[in-house]
Amino acid sequence: MGSNQNITLPSGSIFSEREVQKFRNENKGCSNVIHLNNAGAGLMPDIVTEAQLDHIRLEAQIGGYEASALRADLIDEFYQQAAGLLNCHSNNIAFTSSATDSYTRALSSIPFQQGDIILTDKDDFVSNQIQFLSLQKRLGVKIIHINNAPIGGVDLQDLEEKLKKHQPKLLAITHIPTNSGLIQPVGEIASIFSGYSKTVTDKTWYILDACQSAGQMKLDVKFLKCDFLSLTCRKFLRGPRGTGMLYVSDKALDARLEPMFIDMRGATWIEKDLYEQQPHARRYEDWEFAYSTVIGTKFAIEYCRNIGEDRIERQVKLLSTILRGKLQELDTDRIRVLDRGPELGGLVTFTVRDSNPLTLVNELLKRKINVVPSYRQFGVFDFDEKGVTWAIRASPHYYNTLDELDIFTESLKEILR
Ligand SMILES: Cc1ncc(COP(=O)(O)O)c(C=O)c1O
């Protein structure tokens, strides 16, 4: 598995051996571990690591405020890169500390009143659902779930009917859930939402949780038609931990939405009883940042965009499909691959009869293979529907090889023997 060893790629690989070898040589992790936990945190390219270390050293040498002033150009480039990633203007981007941080800032800016409805999907991220329940407890909003289609994923007809019938204050969709390989049909959701929006003016805000899709596939907010999009940078984007971003549409900015706890960066204190919010999405930011991570994120996005999100998506889908097949063939009596939906992405989930998730993960860790367990409390609807209480999540990226998938499945076989 060393980065300079020969590698084998699947037939139909989008990237050449030379390209994958280069990706593997450009980070320290690939020579140490078989990293199949990109849905947790991807391995950072060395350029991302070095950019952060450089900035921390600069802070130590000349002072934190002075270092960010000196690196203002690089910091500004984060916004340009982020805008390029999502196909929007840099004024629509806010830097945050995580996807959840982005999400709560957006959620807190929606002027909910008692009885307002949140329409959401059954595979929405656990923390979002907990926040909706908290809003229900605090403000008396109502949560309504869109049915799933028989194949999995949002039932589009039910979505359309429920939008029209309930005219919710918020439509909340998770693009790729944390606990399964499903990719929601966000293109169809976008056209249903935009058709509905034309008939019902300014009733409903749409937030898309793109935490798992960012860096795994192209995200274009003009196509997605969302008002807010939240993401994290440490996963498929391969950025630093503790980084996220929020896209805020012009419509939301023009409507003067602002986070509940806006600070001195988001607003200017003009008179003793008056503040003025920033005109752009920076109104969703806090004043204090770890600037080393902002700069690291800029390099991570640039790295991803240079490779090309479309190529990344195709390679990740190829490796994941192969992995599902290998798992299915391994032990048909005990292993059950759980992913279902109209389209599947890079999160491969499976459960094993008469086994224990922690033992499996720890045994794999001893063999330097990284995967994580997922539990029912991460996706109550999904796990109950599938009739399981836990799953192992393996999530390959474009730098993984066929050899690594073979070592993983062979190790699993050995552990289960
Ligand atoms: C779909 C989805 N949304 C949101 C999150 C939360 O991301 P963060 O940990 O950056 O807040 C995750 C994390 O795994 C996720 O998978």
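The second largest cavity has a volume of about 40 Å³. A cavity here is a set of points on a 1 Å grid over the protein atoms alone where a 1.4 Å probe fits but cannot get out, and lining residues have an atom within 4 Å of a point. Grid points are joined across faces, edges and corners, and the volume is the space filled by probe spheres set on them.

Before going further: this is a predicted model, where local features need pLDDT of at least 70 and side-chain atom pairs count only at pLDDT 80 or more, while totals for chains, interfaces and linings use all residues. Residues are numbered from 1 along each chain as its sequence is written, and side-chain values use heavy atoms, with hydrogens and water left out.

Back to that cavity. Its lining includes G215, F236, R238, Y303 and H397. By class there are seven nonpolar, two polar and one charged residues; Ala, Val, Leu, Ile, Met, Phe, Trp, Tyr, Cys and Pro count as nonpolar, Asp, Glu, Lys and Arg as charged, and the others, Gly among them, as polar. Helix α11, residues 291-307, gives the most to this lining, with three residues. Helices (H or I, at least four residues) and strands (E, at least two) are DSSP runs numbered from the N terminus.

Where does the second largest cavity lie? Domain 1 (17-43 + 308-415) and domain 2 (52-306) both give residues to its lining, so it lies between them. The domain bounds come from an automatic or database assignment.

The largest cavity also has a volume of about 40 Å³. Its lining has one nonpolar, four polar and five charged residues, with D123, R340, D382, E385 and K386 among the lining residues. Both domains contribute to this lining too, so the largest cavity lies between them.

Now the pockets, meaning open sets of points with protein on both sides within 12 Å along at least five of seven lines. The largest pocket has a volume of about 420 Å³. Of its 14 lining residues, T104, S108, L135, M260 and F261 are the closest to its centre. The largest share of the lining, five residues, comes from α6.

That helix, α6, covers residues 126-139. L135 is one of its buried residues, buried being under 20% relative accessible area with a 1.4 Å probe, protein chains only. After α6 comes G140, with a positive phi near 75°.

How values were computed: Expected span 1.5 Å × (residues − 1). Buried < 20%, exposed > 50% of the residue type's maximum accessible area, 1.4 Å probe, protein only.
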